Amino acid sequence: MSETTLYDAVCTLLFLSPFILTTLLYLTIHRQTKGVKQFMMTLGGGMILVFSVYLLNTYAIDYAPNEALRMQALESDGVSMLFSLIIAPFFGYIALFVLDGLKYILLAIEKKKYV
């Protein structure tokens, strides 16, 4: 495995980590009341997003296998962090809405199977 392939794999994993971690957060609190669930998903999802973007930017800059990739990561560093800080308060809430909707869709499909 080449250095660039490993770099791309880690960057992809870090890019997907907020979605994976927010889903795990949802699965741990899905039995809570609606208000608690909204608060936890908004706060936790936002923190997960900001921290994941920080890790992705840091890794992309520090471990870039060549100068071109390093410069590309440096150029997008500030923009992606600013974007993540702006969208962070809504990220967990959007994830909650999507995951709750997915749960109801799966329940409807399951119910339709047995009818």
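Asp-100 and Lys-103 join their side chains in a salt bridge, at 3.9 Å from N to O. A salt bridge here is a side-chain nitrogen of Lys or Arg within 4 Å of a carboxyl oxygen of Asp or Glu. The structure has three salt bridges. This is a predicted model, where local features need pLDDT of at least 70, side-chain atom pairs count only at pLDDT 80 or more, and totals for chains, interfaces and linings use all residues. Residues are numbered from 1 along each chain as its sequence is written, and side-chain values use heavy atoms, with hydrogens and water left out.

**Salt-bridge network**

- Asp-100 and Lys-103 are both in helix H3, three residues apart, about one turn of the helix. Helices are DSSP runs (H or I, at least four residues), and strands are too (E, at least two), numbered from the N terminus.
- Asp-100 counts as buried because its relative accessibility is 17%. Buried means under 20% relative accessible area, exposed means over 50%, and partly exposed lies in between (1.4 Å probe, protein chains only).
- Lys-103 is partly exposed, at a relative accessible area of 28%.
- Lys-37, Asp-100 and Lys-103 belong to one network, joined by salt bridges that share partners.
- Asp-100 also meets Lys-37 in a salt bridge between side chains (3.8 Å, N to O). Lys-37 sits in helix H2 (residues 34–62) and Asp-100 in helix H3, so this pair ties together parts 63 residues apart in sequence.
- Both Lys-37 and Asp-100 are buried.

**The Arg-70 to Glu-67 bridge**

- Arg-70 makes a salt bridge with Glu-67, and their closest N and O atoms are 3.8 Å apart.
- Arg-70 and Glu-67 are about one helical turn apart, because they lie three residues apart in helix H3.
- Arg-70 is partly exposed, at 32% relative accessibility.
- Glu-67 is partly exposed, at 48% relative accessibility.

**Helix packing**

- H2 and H3 pack at an angle of about 155°, and their axes are 8 Å apart. H2 is therefore roughly antiparallel to H3.
- H1 packs with helix H3 (residues 67–113) at an angle of about 25°, with axes 9 Å apart. H1 is therefore roughly parallel to H3.
- Axes are lines fitted to C-alpha atoms, for helices over the stretch in contact, and angles run from 0 to 180 degrees between N-to-C directions.
- Angles under 35 degrees count as roughly parallel, over 145 as roughly antiparallel, 65 to 115 as roughly perpendicular, and the rest as oblique.
- H2 and H3 cross in a right-handed way. The crossing of H1 past H3 is right-handed.
- A crossing is right-handed if the near helix is turned clockwise from the far one by less than a right angle, and left-handed if anticlockwise.

**Phe-91**

- Phe-91 lies in helix H3. Phe-91 counts as buried, at 12% relative accessibility.
- The C-alpha atoms of Phe-91 and Leu-49 are 7.4 Å apart, while the two residues are 42 residues apart along the chain.

**Nonpolar surface patch**

- Leu-13, Phe-15, Leu-16, Phe-19, Ile-20, Leu-21, Leu-24 and Leu-27 form a nonpolar surface patch, with about 770 Å² of accessible area together.
- Patches take residues with over 30% relative accessible area and no salt bridge, joining like charges within 9 Å and nonpolar side chains (Val, Leu, Ile, Met, Phe, Trp, Tyr) within 5 Å.
- Accessible areas come from the Shrake-Rupley method with a 1.4 Å probe, and for residues only the protein chains shown count as cover.
- Phe-19 is placed in helix H1 (residues 3–29). Phe-19 is partly exposed, with a relative accessible area of 43%.
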